[in-house]
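Q: Please take a close look at one part of this structure and then relate it to what surrounds the discussion.
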Amino acid sequence: MVRVLLVLLAWLLVWTGGVPAQKPGGTLRGVFNSDPPSLDPAQATDTTSSAVIRQLFDTLVELDERLEPRPGLAERWAVSRDQRTYTFTLRPGVKFHNGRTLTAADVKFSFERAARGKRPWVFEKLVGAPAVIKATAREIPGIRVVDPLTVELQLEKPFAPFLYLMAYDASAVVPREDAERLGVAFATRPVGTGAFTLKEWRRDDRVTLEAFKHHFRGRPLLDRVVFRIIPAEITRFNDYKAGTLDVSDIPTGHCRAVKSDPAFKGHVAVWPTLGTHAVRFNVEKPPFNDPRLRLAVAHAIDPSGIVDGLLEGCVIARRGILPPALPGAATGVTGPAFDRARARRLLAEAGMPDGRGLPPITYHYNTSDLNQRIAELLQAQLREVGITLELRRLDWAAHIKVVDEGSATMFRQGWIADYPDPENFLTVLFHSRNIGAAGNTSRYRNAEIDRLLDEADAMAAGPARLKRYQEVEQRLLDDGVWITLYHYSSRALVRPSVKGLERSPLSSAPEFLAPLRKVQLD
Amino acid sequence: MLRDLAEPALRRCLALVPVLLGVSLLVFAMTAVALGDPARAMLGQRADPQVVEQIRREYALDEPLYVRYLTWMGRLVRGDLGMSYHQQRPVAEVIAERLPATARLALAATLVSVAAGLVAGVLAALRPGSALDHLLMGAALLGISTPVFWLGMMLALAFAVWLGWLPVSGYGDGSWAHLVLPALTLGAIHAGTIARMARSSLLEVIGQDYIQAARAKGLSEPLVVVKHALRNALIPVVSVIGIGLADLLVGAPLTETVFAWPGLGRMLVAGVGQRDLPVVMGAVLVFAVIYVVANLLVDLAYLVIDPRIRRAR
C-alpha cells in the first residue's frame, strides 16, 4: 500500500511540475559590438555575422556543447572504409523559410556557391574543389547527389576533422532560387532552414529574428531574438545593468569587480574558449632567425603579470600552443618557462651578452587598450634582460598587412580555432604551404614538421593522431617559434532567467554562437 | 532682400566645388596610401591568397591610385558613390540609412547648445562679476573642456542606470527619450563656447551709447537687452554657431559610439577601421557638404540680422 502511495505521489509530482516544463515565448535581448557585414554564409568572415547565420540556417552536422558532431540537416551519415567518402542522408520534409522542401541538390548548390565565396578553404578538401575555388570550373565533382535525400562527398585524401567543416556556418544550406534571384542582396535578405527568420535589420542599431514555426525540430521556444548593436563595451555593460539586455559581455578590467558584486550573483559566466593570445616572430629575418634569441625572449616573459594582473585571473593560464579547451590538447606539452637567468645565458650564447649588439626590436600590435598594456609590460620585462622593445601600434587592417607580408619581426597575433581540431591550429599556423595570410605569419619552414603535420592531418581520428600533433606542438615550442601569453575565455553576463544558453568553447560573449532555439526565458 | 541673398548663396555654392574636390583628393590619398589592404581587412584572420587577389581585382584595388581616384570622381559626377567593400551595397544606400539619425542628433544638439549657450551668456552679461556670472562661466568652461566620451558615460550612468529616467543607448523607435542624452552630450561641447561669446559680445554692446540712450528713454532692462543689445551682439555669436558645427561633426562619431546611435559618425569610424574606402569617402563628402552649407547659412544669417551688411554690399 505504501509503495502504491509513493508511486502515486511521484506521478503527481511529475504531473504538477516536478520536471521543468518548457515555456515557449518571449524575446531574448542580446547584443553585438558591431553590425554584421553579411548574413550570407558564403560571404561572411566574422563572428558577428556567424552568430546570426547560425540562427537563420542549418548545416548537415551540428556540434553540441562538448563539441561532438550531432545530426543537423543530415539525420545520419556513413564514412567509407578509406575515410574519403562521406554519405549524408537528409531528414525528409525539412522546409526552407520560403516554404520549399530541402533536397540534396540544395546541398550541392550551396557548397559550390560557398566554395566561390570568402571561405573557400572549408571545401578545398573535396575532389575537384580547387578548380571551382580558382573559378576555372563551375561544379565540384566530389559532390554527388545520389537521390533527393542523399548526398555523397568525396575527399582528395582522408581528413579527420571533415565533419567539423560540415558543422561550420560556411557550410550552411541555402535555397538555390532565392540565392540566384537575390544575388548580392541575399546577404541582407537571407533565406535558410534555421529556427529563426530575419524580421528586421536596422543597420548599426538592431537585428531582429522571429521564430520559424516550421523548423524541422519544431517551433523554437523563443518568439523573438533582438540583437542590439552597441560598439562601446561600457555602454553594453550599462545597458545590462539598466535591465535592457539579457546577455552581454563583461568589460575589460571589470571581471573581478563583477564577480564579487552581489548584484551580479548568478549572472556571471566565464568559460574557456578555443583561442590563444601569442607573440610571434618572423623566423626568416634576423635577429629571430636564430632560435636562441627567440627562446631568450620567451624565457624573459612572465605571463602571470598579464593573466593575474591585467586580466584579473579571468583567462586561462598558458600551457602550450593549443588552448586546453580544444579536444585533443595534450596536458604534457610545456613551453619555455619564465627564467631570466636562462634568457641571459641564451643571449650570451648568441653572442649578445646582456643584449649588447642586439638592435632595438620593433614590437607590432593592433590597437586595443589591452594590447597596449600587454606591450608595455613586455617592454618592461624584456628590458630586465637587456632587450629593448620599441612599440608600434597599428589598427587591425594596417597591422595584418605588415604581419602578412613579413615586414614585422616580432608581433602580437592570437588565433581562434574555426573548428575544434589541432589541425586548425598547427597545420594552418606552421605548415610551410600556409606562409603569409593563410595563417603561417611566422614564415616557419621545417620539412620535418610539414611531414608530421601532413601525416597527422590524413590519419584517422584517435589517440595516435593526437600524439603526432602533440609531438609537433612540443617541437614548435622548443624551437621558440611562438610564445603563448594566455588562452582565451568568454566572460559573459547572462540573466538567471535565460535558460538553455549553451556555453560551448566555440561560443564567446557577446557573440554567442550557440543555437538559440534551445533557449527559453523563465 | 531676396536678391541680396541670392548672389552670395550662388557664390558659396560655386565655391563648394573646389572645396569638395580638395577634400576628396586629400581623404582619398590619405586613406588609400595609409597602410592596410581593404581586401585583406575584409577576410578576417584566415585569408585565402586567391580570394584576396580576386577581391582586389573585383574592386579595382590593383589599379594605380590616380586611376582609382579618377574612376571614383567619374562615378561621383554621375551621382554614384560606389559600392561598399564591406557591405557590398551602394554607398548612397548606406549613407541614406544613417543620415536621418545624424541629422536628428546634430539638429537637437545645435538647439541644446544655442539655447543653453545664449541663455547662460545673457544671464551672465546682465550681472557681470556676480556669483551667477562666475557660476555660469565656470560651467561653460567645464562644458568646453570635458571630453565627449566621458561626459556621455557620466550622463548615461546618472540618468539611465541610477535614476532610470532615460534609455542608456540606442535609437529606439525614434522616440525623444533616446535623443535626450546624446543631444545633451554633443550640445555641451558647444554650449560653453556660445555662452562665453554671447556674454563678451553682449557686454561690449551694452556699454555703447545707443544702449544708454535706450535706458535714458525709460525702457525696461529686459527690453533694452533683448530688443536693442542682443540683436547687435548676435553677429559674432552666429559666427561661432557656424564654426561650432565643425565641433559637432567631430564630436558626432564619439557621441554616436557612446550612445550606440546609428549615425554617419559611427559609420565613418567603422569604415576607416575596415578600410572601406568608398564608405569613408562618401561620409567625408557628406560631412564636408554639411559644413559648407552650414557656413553659407551663417553668412546669409548675417544679412538677415544686420541690414548694414546688406547695404554695404
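How many buried residues are counted among the 8 residues of helix 9 (residues 209-216) of chain B?

A: The count is 0, and helix 9 of chain B is thus hardly covered; buried requires 20 or more other C-beta atoms, placed from the backbone, within 10 Å of the residue's own. Helices here are DSSP runs (H or I, at least four residues), numbered from the N terminus. The model is predicted, with local features needing pLDDT of at least 70 and side-chain atom pairs pLDDT 80 or more, while totals for chains, interfaces and linings use all residues. Residues are numbered from 1 along each chain as its sequence is written, and chains are lettered from A and ligands numbered from 1 in the order in which they are written.

Just after helix 9 of chain B, G218(B) adopts a positive phi of about 95 degrees.

Chain B also meets chain A, in a contact (C-beta atoms, placed from the backbone, within 7 Å) that draws 41 residues from chain B and 45 residues from chain A. On the chain B side, at least two residues each come from helix 2 (38-42), helix 3 (49-58), helix 5 (91-126), helix 7 (148-162), helix 10 (221-258) and helix 11 (264-273). Helix 7 of chain B gives the most, with 5 residues. By class, the side of chain B that touches chain A holds 21 nonpolar, 12 polar and 8 charged residues. Here Ala, Val, Leu, Ile, Met, Phe, Trp, Tyr, Cys and Pro count as nonpolar, Asp, Glu, Lys and Arg as charged, and the others, Gly among them, as polar.

How values were computed
Two residues are in contact if their C-beta atoms, placed from the backbone, lie within 7 Å. A residue is buried if 20 or more other C-beta atoms lie within 10 Å of its own, exposed if 12 or fewer, and partly exposed in between; C-beta atoms are placed from the backbone.
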